[in-house]
Each structure stands twice: as C-alpha cells, then as structure tokens.
Amino acid sequence: MSDLPEIRTISASDIASAIIVREAMLSRDGLETGGILLGTEYDQRVEVLHAGGPGPNARRGVDFFFRDLEHVQQISDAAWSTDHSQWIEEWHTHLIGSLVPSRTDLLSYRRHLADPELGFVHFIAIVVGLHPRSGITAAAWVVEPDRVRPVTMMPAGPCAPNAGGETDPGPESWQERMLQGD
C-alpha cells in the first residue's frame, strides 16, 4: 500500500469532457475507441485538464483499441508545456456490457502498474458507454496492484459567474455534463 492519500474523486475540465464526448461518438461505428487523460493529482482528488483521442494510426476493434503512441506523445508534450500536466489515466469506450473494466483492461492497467519506468502506484481509468436510450455514460475506477474500486466523478472546480453576475451551478456531476454532450 502507498503512503499517498486514497483517491476519492475525479474532476475533468470542460475542454477535456468535450473531447471525450466528441471522440466517444466514434464508437457509433461499432468499434471501441479511447484516449489519454492528463492532469494533476493532489490530496484525494485527480483533476483531468487535457484529453485526447486514439490518434490517426490507432487500431480499433469490437472489443479493443490500441492508441497511436506518436499521437499520445504529442498530446503529452503539449500538456506538459502548457501546465506541467502528467499522464494520470486513460479513457475508453465499451460497446456492450457494463462500465466495469474488462479482464483485458485490468491486465493492461496492471502492466502499467508493474512498469518501473512509469512509476504508477495506481492507475485511473474511465470507461465510457454509448447507449441508444441513455446517451453517453461513464464510470471511473482506481486500479491498484491488489484491488479495483469505483471513484466518484465531480464537476471541475468552482463555477464561473454568468452574464448576469450570478454563479451558474451547472450540471451536478461530470457524468451529467457528458450526458448533455457539452
């Protein structure tokens, strides 16, 4: 077990949420997709500031996707140059079944955890579903060497004042923003 505080919530910027929604729509073709998420981790919270899609050279299938590593590196470099965001997690779609990481997902995440060059003590994954009736839904998970647990997704920080000077509370959760397609 790590000396780091246990991650309890994940928030995502509006821009990161919008990119996830846009890219998740690619799964309408019947193939999984996904991408990298970058940001910061502090106390018991992960803050996603940047998101990317699979990239032009990604391989996508009915029950898998492999990122375009050159594309991912470009996004990572740009995020680091902008605000020192680091790779903290990934997102991907599931076309069928639940929003729980699959056995294949968990094997991949645990390979990341075992890689000493990456230095992960846990891996955070967001599984996104595209459903005809309910729209886009998502669930976040913390994967540790000895367990997997769900994590709450929250709005990304304080609300900005609207044109009338009042604070607009916006959606109650990051998931609701995704459902609205904003």
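## Exercises on a predicted model

**Exercise 1.** How far apart should the ends of helix H3 (residues 103-114) be, and what does this predicted model show?

*Solution.* Start with the length: helix H3 has twelve residues. At 1.5 Å a residue, counted as one less than the number of residues, H3 should span 16 Å. Now check the model: the end C-alpha atoms of H3 are 16 Å apart, so expectation and model agree.

**Exercise 2.** Which residues of H3 are buried, and where do they sit around the axis?

*Solution.* First, list the buried residues of H3: Asp105, Leu106, Tyr109, His112 and Leu113. Next, look along the axis: these residues cover an arc of only 115°, which means that they lie on the same side of H3. Finally, find the partners: the buried residues of H3 pack against E6, E7, E8 and E9.

**Exercise 3.** Is leucine 37 buried or exposed, and which residues is leucine 37 in contact with?

*Solution.* Begin by placing the residue: leucine 37 belongs to strand E2 (residues 34-42). Its relative accessible area is 0%, and buried means under 20%, so leucine 37 is buried. Now look around it. Setting aside neighbours within four places in sequence, the contacts of leucine 37 include Ile20, Val48, Trp87, Ile88, Trp91 and Ile126. For a distance along the way, take alanine 16: it is 21 residues from leucine 37 along the chain, yet their C-alpha atoms are separated by 7.9 Å.

**Exercise 4.** How many residues make up the largest nonpolar core, and which element gives the largest share?

*Solution.* Count first: the largest nonpolar core has 23 residues. Among those with the most contacts inside this core are Leu37, Val46, Trp91 and Ile126. Then trace where the residues come from: helix H1 (14-24), strand E3 (45-51) and strand E6 (86-94) are among the elements that each supply at least two. The largest share, five residues, comes from H1. A second, separate core of seven residues includes Leu106, Tyr109, Phe123 and Ala125. As a general pattern, nonpolar side chains in soluble globular proteins tend to be buried together.

Definitions and conventions
Residues are numbered from 1 along each chain as its sequence is written. This is a predicted model: local features need pLDDT of at least 70, side-chain atom pairs count only at pLDDT 80 or more; totals for chains, interfaces and linings use all residues. Side-chain values use heavy atoms; hydrogens and water are left out. A nonpolar core is a set of buried Ala, Val, Leu, Ile, Met, Phe, Trp, Tyr and Cys residues joined through side-chain atoms within 4.5 Å. Buried means under 20% relative accessible area, exposed over 50%, partly exposed in between (1.4 Å probe, protein chains only). Helices (H or I, at least four residues) and strands (E, at least two) are DSSP runs, numbered from the N terminus. Contact means heavy atoms within 4.5 Å. The arc is that of the directions from the helix axis to the C-beta atoms.
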